[in-house]
Amino acid sequence: IDRETRQKFKETYDKINANFQILFPKLFGGGQAYLSLTEEDLLETGITVMARPPGKKNASIHLLSGGEKALTAASLVFSIFQLNPA
């Protein structure tokens, strides 16, 4: 079960991260964003959202303004929806 869970998690994480890296610049008109794992073990890890809107340095989502957080969250949600469109 652990092996299959790790495999499914990694595949899903990679797809969402790839979609997120494509959608973020579209919503912001530039910049870049990515997801980062906090631990090596995929069963114990957390995920950090890193975003760099145009003209700003790379930062955790906690350091962004309210509007930047909202657009970043929207791009992440759309990235997840692309895995299994309704």
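Let's start with aspartate 41 and arginine 6, whose side chains meet in a salt bridge (3.3 Å, N to O). This pair links distant parts of the chain, 35 residues apart: aspartate 41 is in the loop between β1 (32-37) and β2 (47-52), while arginine 6 is in helix α1 (residues 2-28). A salt bridge here is a side-chain nitrogen of Lys or Arg within 4 Å of a carboxyl oxygen of Asp or Glu. Helices (H or I, at least four residues) and strands (E, at least two) are DSSP runs, numbered from the N terminus.

A quick word on the model: it is predicted, so local features need pLDDT of at least 70 and side-chain atom pairs pLDDT 80 or more, while totals for chains, interfaces and linings use all residues. Residues are numbered from 1 along each chain as its sequence is written, and side-chain values use heavy atoms, with hydrogens and water left out.

The structure holds 3 salt bridges. Here they are:

| Pair | N to O distance |
|---|---|
| aspartate 41 and arginine 6 | 3.3 Å |
| aspartate 14 and lysine 10 | 3.3 Å |
| lysine 56 and glutamate 68 | 3.0 Å |

Aspartate 14 and lysine 10 both sit in helix α1, 4 residues apart, or about one turn of the helix. Lysine 56 is in the loop between β2 and β3 (59-60) and glutamate 68 is in helix α2 (residues 66-81), so their bridge ties together parts 12 residues apart in sequence.
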